[in-house]
Amino acid sequence: MGRSLKKGPFVNQKLLWKIDALNETSTKRPIKTWARASMITPDFVGHTFLVHNGKDFISVYVTENMVGHRLGEFALTRIFKSHGAHTAKVSK
Amino acid sequence: MARLLGVEIPNEKRIDASLPYIYGIGRSLALKVLAETGIDPGIRTGELTDDQLAEISHVVTGKKIVVEGDLRREISIHLKRLSSINCYRGVRHRRGMPVRGQRTHTNARTRKGKRKTVGVQRSK
């Protein structure tokens, strides 16, 4: 079920503060974050985020057509090592 | 065989059954279009006059209903966008896996296609 329109999109406030701070000094530094559920707003465009995937921080450079998606969509949480390849590398 | 909206050629069925042959028009949209034109849905497609056919295509284009090639193009543009921004849904489309969080332990055969067994290749 979608989110109620009454509430508006969920954007992590801390991220917005950090972006504001970066914009004021017009610097580009990656922002480390765990806020995977945060929606990407137009303010995010052009910044790089280090999005936590449960283990590592995946670098996500936000472009214009990512707006409306959530940060977590770009940092996959599962890895699939393919089946059937029990070669020397794996079965050492 | 009547010709409607470009290439589409629905056959000699009731008109409400023929319209869904057009890609992008389903059963309920067909009935809506027919209600707008005032054509009896029970009439056979072959018995429609040219004017009535023109009326149908007029309503479809007038209501900005995207059909056939345009619709297919629109869908593929959306898929390309998802895949180009490297988001989860794009990745799932690229791999031909279910996109909306369904289970893949079993089932998901529509997306994954025919079963392919992979054996274990042991090292010697």
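Helix H1 of chain A comprises twelve residues, 13-24, and reaches 17 Å from its first C-alpha to its last, close to the 16 Å expected at 1.5 Å a residue. The model described here is predicted.

Within H1(A), the residues Leu15(A), Leu16(A), Ile19(A) and Leu22(A) are buried. They cover an arc of only 125° around the axis, which places them on the same side of H1(A). On the other side of H1(A), Lys14(A), Trp17(A) and Glu24(A) are exposed.

Salt bridges form the second topic. Over all chains, a search of the whole structure finds five of them.

| Salt bridge | N to O distance |
|---|---|
| Asp16(B) and Arg14(B) | 3.1 Å |
| Arg27(B) and Asp16(B) | 3.3 Å |
| Lys63(B) and Glu36(B) | 3.7 Å |

Arg14(B), Asp16(B) and Arg27(B) are linked in a network of salt bridges. Asp16(B) counts as buried, at 2% relative accessibility, whereas Arg14(B) is partly exposed, with a relative accessible area of 36%. Arg27(B) is also partly exposed, with a value of 48%. Asp16(B) forms a salt bridge with Arg27(B). Because Arg27(B) lies in helix H2 of chain B and Asp16(B) in helix H1 of chain B, this pair ties together parts that are eleven residues apart in sequence.

Lys63(B) forms a salt bridge with Glu36(B). Lys63(B) lies in the loop between helix H3 (50-62) and helix H4 (68-84) of chain B, and Glu36(B) in helix H2 of chain B, so the pair ties together parts that are 27 residues apart in sequence. Lys63(B) is partly exposed, at a relative accessible area of 35%.

On the surface, Tyr23(B), Ile75(B) and Leu79(B) form a nonpolar patch with about 230 Å² of accessible area together. Tyr23(B) is located in the loop between helix H1 (15-18) and helix H2 (27-37) of chain B, and is partly exposed, with a relative accessible area of 31%.

Ala2(B), by contrast, belongs to the segment before H1 of chain B and counts as buried at 12% relative accessibility. Leaving aside residues up to four places away in sequence, Ala2(B) touches Glu8(B), Ile9(B), Pro10(B), Thr45(B) and Leu53(B). Ala2(B) and Gly62(B) are 60 residues apart in sequence, and their C-alpha atoms are 20 Å apart in space.

Terms used. Residues numbered from 1 in each chain as written. Chains lettered and ligands numbered in written order. Predicted model: local features only at pLDDT ≥ 70, side-chain atom pairs only at ≥ 80, totals over all residues. Heavy atoms only, no water. Patch = residues over 30% accessible without salt bridge, like charges linked within 9 Å, V, L, I, M, F, W, Y side chains within 5 Å. Areas by Shrake-Rupley, 256 points an atom, 1.4 Å probe, with all protein chains shown as cover. Salt bridge = Lys/Arg side-chain N within 4 Å of Asp/Glu carboxyl O. Helix = DSSP H or I, 4+ residues; strand = E, 2+ residues; numbered from the N terminus. Buried < 20%, exposed > 50% of the residue type's maximum accessible area, 1.4 Å probe, protein only. Expected span 1.5 Å × (residues − 1). Arc of directions from axis to C-beta. Contact = heavy atoms within 4.5 Å.
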